[in-house]
Structures are given as C-alpha cells and as structure tokens.
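Me: I would like to understand how the labels used for a protein model are decided. Could we take them one at a time, setting each value against its definition?
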Amino acid sequence: MPDVPRFRFAPSPTGMFHVGGARTALHNWALARRLGGTFVLRIEDTDAARNRPEWTQGIIDALAWIGISSDDSHFEGPHFQSEYAAAHLEAAQRLFDAGCAYYCDLTGDEVQQRAKELGVSGYGAWSRDRGLGPGPGRVLRFRVPGGTTVVHDLVRGDVSFDNAAIEDFVLVRGNGAPVFLLANVVDDIEMGITHVVRAEEHLPNTPKQQMLWEALGHEPPVWAHVPVLVNEQRKKLSKRRDKVALEQYRDEGYLPEAMVNYLMTLGWTPPGAEERGSEIASWAEMEGAFRLEDVNTSPAFFDIKKLAAFNGEYIRALSLDEFVRLAEAELPDDWDRDRFAAIAPHIQQRLTTLKEVPGVVDFLFLPDGADVAIDDASWAKAFQPDWAVPLLSDVIDAYGSVEWTADALKTALEQVMETYDIKLGKAQAPVRVAATGRSVGPPLFESLEVLGRGETLRRLRVAHERAAGAGAAGGG
RNA sequence: GCCCCCAUCGUCUAGUGGCCUAGGACACCACCCUUUCAAGGUGGCGGCACGGGUUCGAAUCCCGUUGGGGGUGCCA
C-alpha cells in the first residue's frame, strides 16, 4: 500500500521571504497537489532570535500570496520546530545509547587549535573513544562510519560522498540545544516526510542527514536538490546584496501570477512553451506537468527584466474590471475613482508594474487651480518649432467650442495642423506638454476628454502665455 | 586546503547519438503599424567553454583541462 507522499517546506523566519524559497515552495506545492500528497509547512524557529510571531505570519502571508494556503486540503501546518524539542533530545539520547554518537569536551577554539598544530582539516575525532558521558559544555557528536554514502537525487542522479571526508559533526550543542542537522531530520521523521525537495546549497548536508535517518532506523526520503538562484555575478542570491524579498516585489506592483510563472521557468520549461512561442502558462498547466526529473541542474540567474516582461503580459491579460480594482489600490485616497476608471483602459497596456499607475495619470488629479509640473526637456523640444505657439493659439480657439469627445478633439487638432502642414505626431506635442507637462503619457485626446474642457483650456492658456512670452524675450 | 555540484545565444531554456546548417522566450537592433509612449506584426543579431577519445555519426556518451558555483559553524 503506497503511502501518500508528504513534502515539506521548512523556512526559518528572517523577516522577509526569499524568492528562492518561494520557488522551492512552489515546487513542493506543485508536486504535493499533482501527486495527491501533502505540503507540510514547518517553521524552523529553534534559534531564539528567529522566534518572532510576526515573522512567522510573514511567511504564511507570503505563501498565501503565491497561492499556497491553508485553505487548500493539500496544505498542512504550520508546525513549529520548537515544539519538537523533546523529540530532538530523545533522538540524540537514542543515538548515544546505540553508540552512534559520543560526547566531546573540546571547545570550538580548541578543535581549531589542534587541527592547526597537527595540520589536519576539520575535527580529528579526538574524543571518539574517550568514553565521555554527558556534562556541562560537552557536545554530542555523530560517529561517522566508514565507507561511502550515496545520495539518490531526483534532480542530479546519484551523488556519492566518501565518509572519510565527513567529520564527526555536532548533534547537540554544549548548552544542550540540538543543531539544525539533527532537528531537521527528526522533524522530517516525526512528520512522516517522504520527499525532501530543497535548494542545492543543502546537498553537502545530505549525506550527514541520510546517515542520521539510517542511524535512527528509517529509510531516507526521496531527495531532490534544485539549483540555486544567482545574481548577475553568478553568486547565490543573498539578502545582503540582492533584491530577494518577495514582499518587495509584491509592494512594487508585481502580480503573484506573474511571479509564480516566472519563478517556475527558472530551471524548467512549462509544457508547450516552444510550440506556443510563449513561456506564459497557468498554474494548472504547470502543476500538471511539473517533474523534478525535468528540472535543470545548473544555477539560474534571477532576471528582473524578464520578470517585468511577464508582469506586463499578466497586467494586459487582466479584465478591465480586475485591472481597475487592482490599480485603484495604488492610488492616493483623494483621487477621484470615476475619473480613474475613465482613463484606465488607455493605460492598462502600457504598464510593467501596478506601482507605475499613479505616475502616469497624476496630471488628471491635480488640486483645483494648480499648474502642471512641466518637464523642461519636453517643453523645450515641443516648443522648439516656430509653428508651436501659433498652433497652440489656434487649438485654444478651436477647443473653446468643439464637442468634448476624444474623436472631436482629434479632428479639431487635425484641422488646425493642416494650416501648418505638419503631421499629427508632431502637432500633438505642444498640446500634450501644455496639458500634461510631459512628452509621453496616455493617448492625448482621451486624456483631454477626461480632463475636461475648462481645465484643458486653462492649462493650454497658461502654456501659451509662457511660450509666447519666452519667444518674444528670446527674439528681442 | 578539502568535499560536492555545474558548463547550449547577454539571460532563462529546448535538446537524452542521426529529425540540429541547434529551436523558443526575455533583452537588444531594424522595419511596419501608430495620437506621444507602449502594445502588436515582421525581420535581424547572437550559443553547444577547450582538448582528447568512443562511434559510420556527438550539443548529446567517456576522460582530462579550464572556468563558475555551493559547502566546509556548538547558523538554519
């Protein structure tokens, strides 16, 4: 009778959720669901400094954001490593009783000192046969057996380690607290974990953990080590130097679906991507096809540019209603929602992130009577041609009585520009800068329609006055 | 130092001995479209790290070199 596969995701709270962690969580999640198994969340909070409730909540929230939540029947947890402290110590005792571990009274400094004097590397197993019992300050070390440990890894195949190169590692600290290696294995055994899917950086730990599983009388789980995510310098993504917090991307207006899709493409290709000419795929498609055996073995560069491209695609794919709803969350409270809804369809296809929304429409939400902030470079270019000022003057006249719709506004400008024998692309420039302050932005006539006749005319007049004045001063 | 992993366009990848004069995506460039900017369309640039084998045949298998990364804690 085959057991239900049990995967686990075991982050330690650090105050932010690493994108690399998000990816391995996604891998575990996809497998747990596709195989009808369970995704077990365990918070590794043994280190007292990492035991902050708000940090734990941060992990739960981050997981929920990428679609991994306790609402789903495949989700189990959160469990807390600290709750298994008794089991850790009990396991340590069993290991000692069975002769698989021994006590050692050398401090870290002493070990280093001796290694240096004797010219050996690592711990020299000095206390192996001293028959020491437990005592204050004494650590419990694992007695690494001879031979070779072979790790069967779903991503990498068989990886073998010569046990002679593995030192007798510490299981329990001098203060009686178990270390990660032991706690991790004991927890996995206690929770009936069958698959350990994690990042490659843990591969060197694996032979040690496998020996522990065996010494504790259990079959090791299925191992899988996915490649690490790296930065431009090809170094592992780190909290210190790289932008790795999932929360930060969320706050910058990335959609969770885009983030999830992008993360899954690192080291793996969604089904049919080549035929479709696109790596964009739904979670259902990816979940249905994801296999560890298909995951690449080399490190992947976390490319924000590509993430941004994915995000743009996802924003464009939103229904208008959904887009408006999400975009409104980025707007200042006092901005008129109806006014935003009117311009929304014209900006949706021009965005990379939701965070950009206020910046592209802010000219529509100025306080009464306030002048637009004019971008100097845009102004200089728009009013460079001789025809700019007279054209603006004509536009002001025409816009005084034209029907106030985008189409009519466009037609009116087209009539005006004929006199000057210029194309719309050029003719719209002075009007755009006058009304919006910038040379780029949402489609002009649609923007003016939303702005309204009164305010549009006011801004055009202010600009005309300024441009005409400058022209006169410059000419004289 | 020691242990382990990795090596296809700038980047992410497809490729598991002949379908590869190596395919797709992002980025970049050009053109088209166009109401600025995007989006969209078309096209382009660009890669199997190197050296030996094995084989009728190698991006694919083996060995070596070089390069990169990870780990080497009484952190997790």
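Me: Where is Asp 421 placed, and what makes it exposed?
Reply: In this predicted model, Asp 421 sits in the loop between helix H17 (406-420) and helix H18 (424-436), where helices (H or I, at least four residues) and strands (E, at least two) are DSSP runs numbered from the N terminus. Its relative accessible area is 68%, and since buried means under 20%, exposed over 50% and partly exposed in between (1.4 Å probe, protein chains only), Asp 421 is called exposed. Its phi is near 55°, a positive value in a residue other than glycine.

Me: What are the ground rules for the numbering and the values?
Reply: Residues are numbered from 1 along each chain as its sequence is written, while chains are lettered from A and ligands numbered from 1 in the order in which they are written. Because the model is predicted, local features need pLDDT of at least 70 and side-chain atom pairs count only at pLDDT 80 or more, although totals for chains, interfaces and linings use all residues; side-chain values use heavy atoms, with hydrogens and water left out.

Me: Why is Arg 234 called exposed?
Reply: Arg 234 has 52% relative accessibility, and therefore counts as exposed. Arg 234 belongs to the loop between strand E11 (229-230) and helix H7 (246-251), and has a positive phi of about 65° although it is not a glycine.

Me: Is Asp 187 buried or exposed, and how do you know?
Reply: Asp 187 has 0% relative accessibility, so it counts as buried. Asp 187 is part of helix H5 (residues 180-190).

Me: What makes the pairing of Asp 187 with His 88 a polar contact?
Reply: The two side chains come to 2.7 Å, and a polar contact is a pair of N or O atoms within 3.5 Å; within protein, one must be able to donate a hydrogen and the other to accept it, and residues adjacent in sequence count only if both atoms are side-chain atoms. Leaving aside residues up to four places away in sequence, Asp 187 touches Arg 42, Glu 44, Gln 81, Tyr 84 and His 88, where contact means heavy atoms within 4.5 Å.

Me: Why is Phe 180 given a label of its own, and what is that label?
Reply: Phe 180, which also lies in helix H5, has a relative accessible area of 32%, and is therefore called partly exposed.

Me: How do you know on which side of H13 its buried residues lie?
Reply: The buried residues of helix H13 (residues 337-347) are Phe 340, Ile 343, Ala 344 and Ile 347. They cover an arc of only 135° around the axis, so they are on the same side of H13; the arc is that of the directions from the helix axis to the C-beta atoms. These buried residues pack against helix H12 (320-328), helix H14 (357-361) and helix H19 (444-451).

Me: What caps the N-terminal end of H13?
Reply: Asp 336 does, with a side-chain oxygen 3.2 Å from the backbone nitrogen of Asp 338.

Me: Is Gly 131 buried or exposed, and why?
Reply: Gly 131 has a relative accessible area of 71%, and so it is called exposed. Gly 131 lies in the loop between helix H4 (108-118) and strand E5 (139-142).
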